[in-house]
Protein chains: 2
Amino acid sequence: MTGIVEISRSRFFEGQQIRFQHHSEVLNCDMTFGVFLPPQAETSEVPVLYWLSGLTCTDENFAIKAGAQRRASELGLAIVCPDTSPRGTDLPGEHDDWDFGSGAGFYLNATRAPWSNHYHMYDYVSKELPDLVEAQLPVTDLRSVSGHSMGGHGALMCALKDPDRYSSVSAFAPICHPSVTPWGIKAFSNYLGEDRNDWLDWDATQLVCSTEKQLPILIDQGTEDDFLGEELKPGSLEQACICTHHPLDVRMREGYDHGYNFISTYIDEHLNHHAEALGLI
Amino acid sequence: MTGIVEISRSRFFEGQQIRFQHHSEVLNCDMTFGVFLPPQAETSEVPVLYWLSGLTCTDENFAIKAGAQRRASELGLAIVCPDTSPRGTDLPGEHDDWDFGSGAGFYLNATRAPWSNHYHMYDYVSKELPDLVEAQLPVTDLRSVSGHSMGGHGALMCALKDPDRYSSVSAFAPICHPSVTPWGIKAFSNYLGEDRNDWLDWDATQLVCSTEKQLPILIDQGTEDDFLGEELKPGSLEQACICTHHPLDVRMREGYDHGYNFISTYIDEHLNHHAEALGLI
């Protein structure tokens, strides 16, 4: 286990917003991540919500834009925000597209060169980073996971692939069925190759059919989201959940779009959902 | 009165975050500004908090980072955020420094060429923009004013120079005495010339001595603010308020720095302060 270096720290709702850098072994590069520690962490260990961001984001967007720290401070909940891809690797074509490569790791483990040398974001966000955080910061091993868009899909995957690691899961406007939608097809073709059988293990709508434990899924989705029809397809996930009797609550929010104003509006409800599962309320 | 063009609109806490563009006659250029309209504005006119941002900001920083819309939505308070300087003018040297020229209009009326052709930010934020907003949006002529750093000073100036226009004033980490501190001296020398007598009308600590009506001043200030000693000098304002019996409440906030995490932490208290003065609570 390598150490972590503090890059910045700022007092925030009586807690601390901190940014760390460390060397990731599974990603084979240096990474930054953000942590909000609520004031309760000064005297005891607190549970953690892992937040996975969407395409083009870094570890900083959620901490700056979502307005989650106010309620997290009240609840005594830490929030850890990883970056959205390996960084500093400069693979061929890595920075050419906003929806693939850097900023677009899709929270999977790539099997195709050159991506397979670095793009193991699933192992990073679900194992290496929690291990690091739990070893070095005042947090418990009680975890919840949430995210937005590409990161909403990442959160669903984490909870469906390894439900024993998490107490609860939620998502804002998640990509629900990436193996049949444009962003997902582009990412999976490059990271995993053209054999679509290899994609099934990284698609939430498919994973609902094979998960060993049914963690209830909470989703908020804006009706005015420009990506709803072509990229997100919550209806596919709903259908799979109906077939498998998987508990799912999709809340359509009239008039809201895909951005952080939408997330901010409903983040407190998600924090409360996780806090209940984590025994905080 | 020229019209306004809507650039973007997003649903936010059941209200609307909107960005407008218009031609400013006093600034002699096109400008953008942001408005949060709470849901109450759909059925009746609501009062407005004018927020003046700090050095390097645009009209967008506060709307994205401060987390003010949640409480403003509950209160029924609109928030208008102007930009921090004229734009698109490309005067000689205008973009060379982060603390002077574009992004650093200091909310005064410049008298020295070439700045005097455009940099009339005081007239813009205190008269032209409110007139436009009140003519074209569902708001009343009840106004409060607040801001951060350079914009905190702008808010103090607005309230001290024309107290009848505002119901209340507050500031986060304001520059309190710019005629004696480095950012202010640089700006005043260029915008107003070297005669320091001409600076007195644009310095809050001086204006406290001449204001006709004493609007109570609320200030929050972080103790770990890197600019506290050299640039902000709340002690000078406090001294002037003691001498003139001007009501002032400076709240020192232990451990907080100069950034938006600090503003977010206390913005609800400022919104409540203004809402009380505006008759909303």
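**Sheet, cysteines and symmetry**

Trainee: In S8(B), which residue is the bridge partner of Ala171(B)?
Mentor: Strands here are DSSP runs (E, at least two residues), and helices are runs of H or I, at least four residues, both numbered from the N terminus. Strand S7 (residues 168–172) and strand S8 (residues 217–222) of chain B pair in the parallel sense over four bridges; pairing takes at least two bridges found by DSSP. Across in S8(B), Ala171(B) has as its bridge partner Ile219(B).

Trainee: Before we go on, what pLDDT do local features need?
Mentor: Residues count from 1 along each chain as its sequence is written, chains are lettered from A and ligands numbered from 1 in the order written, and side-chain values use heavy atoms, leaving out hydrogens and water. This is a predicted model, so to speak with limits: totals for chains, interfaces and linings use all residues, side-chain atom pairs count only at pLDDT 80 or more, and local features need pLDDT of at least 70.

Trainee: Which are the edge strands in chain B?
Mentor: Picture an open sheet of nine strands with mixed pairing, in the order S1-S2-S3-S5-S4-S6-S7-S8-S9 (chain B). An edge strand pairs on one side only, and in chain B that goes for strand S1 (4–12) and strand S9 (248–253).

Trainee: At about what angle does helix H9 of chain B run to S7(B)?
Mentor: Helix H9 (residues 260–277) lies across several strands of chain B, including S7, S8 and S9. Angles run from 0 to 180 degrees between N-to-C directions, with axes fitted to C-alpha atoms, for helices over the stretch in contact (contact means heavy atoms within 4.5 Å). To S7(B), helix H9 of chain B runs at about 170°.

Trainee: How many disulfides are there over all chains?
Mentor: A disulfide needs two cysteine sulfur atoms within 2.5 Å. The sulfur of Cys81(A) is too far for a bond, because the closest cysteine sulfur, in Cys57(A), is 10.0 Å away. For Cys241(B), the nearest cysteine sulfur is 8.5 Å off, in Cys209(B). Searching the whole structure gives a count of zero.

Trainee: Is Cys241(B) buried or exposed?
Mentor: The scale is relative accessible area with a 1.4 Å probe, protein chains only: buried is under 20%, exposed over 50%, partly exposed in between. Cys241(B) comes out at 3%, so the word is buried.

Trainee: What axis relates the chains?
Mentor: Chain B superposes on chain A (RMSD 0.0 Å) by a rotation of 180° with 0.0 Å of shift along its axis, using least squares on the C-alpha atoms of residues with pLDDT of at least 70 in both. That relation is a two-fold axis.
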